[in-house]
Amino acid sequence: QDAVQTKLLLKKEIVDLLVIDHYAINEVWESILRESAKKIMVIDDLADRKHDCDFLLDQNDYEGYQFRYKFLIPAPCKTFLGPNFVLLRSEFYPMKRRIRRGPVKRLLLFFGGSDQTNETKKALHAFLALNRTDIQIDVVVGQTNLHKKELAYFCKRYAFLTFHYQVNYLAELMYKADLSIGAGGTTTWERCMMGLPSIVWSLAEDQVKICEHAERKKIVAYLGKKEEVGVTLVSKQLGSLMNNETARTEMSIRAYLLMKNNRLSQQMLVQEIMRVDE
């Protein structure tokens, strides 16, 4: 029904490229829209259903990610798989990248736009338990964060805390940071792009595999699902990593190398999908 309604919305117009990013859409929906689009591109990360598409993008780094869609897409479909194809906001590309060496002087806390369970506050209490007032902390929250007023007031109480609201300069904050605490998901690849070592835990089920794989590759320090992560555990891991420069540097190097070809891969992706008239 949705496919038919979408087709009616387009009327008789034929679009050059139809981009689909929805877990409920599969080859049935896509095949109905075939005559309304010259090319179809699908963004997915579940690999749990068949697609009728010309391009498929899955930017995540899973075990055997190169083969996940082998029997789920048409043979001519061109795939863009792995973290080198991560769709990053434009603010990340002009930024310099760096390997972290030396002591931790600046820490970044960011748990996405909403952070419904206030993991930011959990991380703040974990840091305060270390009694380290010599480290500057950037606390970033989004517009949909229900706890933003509470967190803003909390940050005003301490000179070493800086509150940032709905920013468009997250890449800059990541560049300045020596260590980060945050959630899994897309932000994982943003931190990797900036070579930023991180302590993470998963806020949703679809983040678990990403975090576990990143932990196995020693790109992040993964603590588990949010229900399993308490202030004491975070504080212990944070203290340990802050005191281990070698571990932070190695984590930074691995993250840096994982994303080293992202810019080039993005250019290749754009060149491929722009050939829709061919």
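A salt bridge here is a side-chain nitrogen of Lys or Arg within 4 Å of a carboxyl oxygen of Asp or Glu. The close-ups below all come from a predicted model, so please read every distance and angle as computed from that prediction.

**View 1. R254 and E250 pair along helix α9.** The closest N and O atoms of R254 and E250 are 3.7 Å apart, and the two residues form a salt bridge. Because they sit four residues apart in helix α9, about one helical turn separates R254 from E250. R254 is partly exposed, at 31% relative accessibility, and E250 is also partly exposed, at 38%.

**View 2. K38 and D16 join two strands.** Here a salt bridge connects K38 with D16, with 3.2 Å between the closest N and O atoms. This pair links distant parts of the chain: K38 belongs to strand β2 (residues 37-43) and D16 to strand β1 (residues 15-20), 22 residues apart. K38 has a relative accessible area of 39%, which makes it partly exposed; D16 is partly exposed too, with 40%.

**View 3. Further salt bridges of the model.** What links R34, D52 and D54? These residues are linked in a network of salt bridges. Elsewhere, the side chains of E227 and K226 meet in a salt bridge, 3.1 Å from N to O. E227 is exposed, its relative accessible area being 61%. Side chains of opposite charge can pair when their charged atoms come close.

**View 4. Helix α8 has a buried face.** Helix α8 holds twelve residues (residues 231-242), and at 1.5 Å a residue they should span 16 Å; the end C-alpha atoms are 16 Å apart, which agrees. V234, S235, L238, G239, L241 and M242 are buried in α8. Seen down the axis of α8, these buried residues fall within an arc of 170°, so they line one face of the helix. T232 and K236, on the other side of α8, are exposed. Which elements cover the buried residues of α8? Among them are the strands β5 (106-110), β8 (179-183), β9 (198-202) and β10 (221-225), together with the helices α3 (119-128) and α9 (245-258).

**View 5. A nonpolar patch lies on the surface.** V4, L8, V28 and I32 make up this nonpolar patch, and together they have about 350 Å² of accessible area. Helices α1 (2-10) and α2 (27-32) each supply at least two residues of the patch.

View 6. N118 is not a glycine, yet its phi is positive, at about 55°. Its place is the loop between β5 and α3. Is N118 buried or exposed? With 9% relative accessibility, N118 counts as buried. Q166, also a residue other than glycine, has a positive phi near 50°. You will find Q166 in the loop between β7 (161-165) and α5 (170-176). Q166 is partly exposed, with a relative accessible area of 45%.

Notes:
Residues numbered from 1 in each chain as written. Predicted model: local features only at pLDDT ≥ 70, side-chain atom pairs only at ≥ 80, totals over all residues. Heavy atoms only, no water. Expected span 1.5 Å × (residues − 1). Buried < 20%, exposed > 50% of the residue type's maximum accessible area, 1.4 Å probe, protein only. Arc of directions from axis to C-beta. Contact = heavy atoms within 4.5 Å. Patch = residues over 30% accessible without salt bridge, like charges linked within 9 Å, V, L, I, M, F, W, Y side chains within 5 Å. Areas by Shrake-Rupley, 256 points an atom, 1.4 Å probe, with all protein chains shown as cover.
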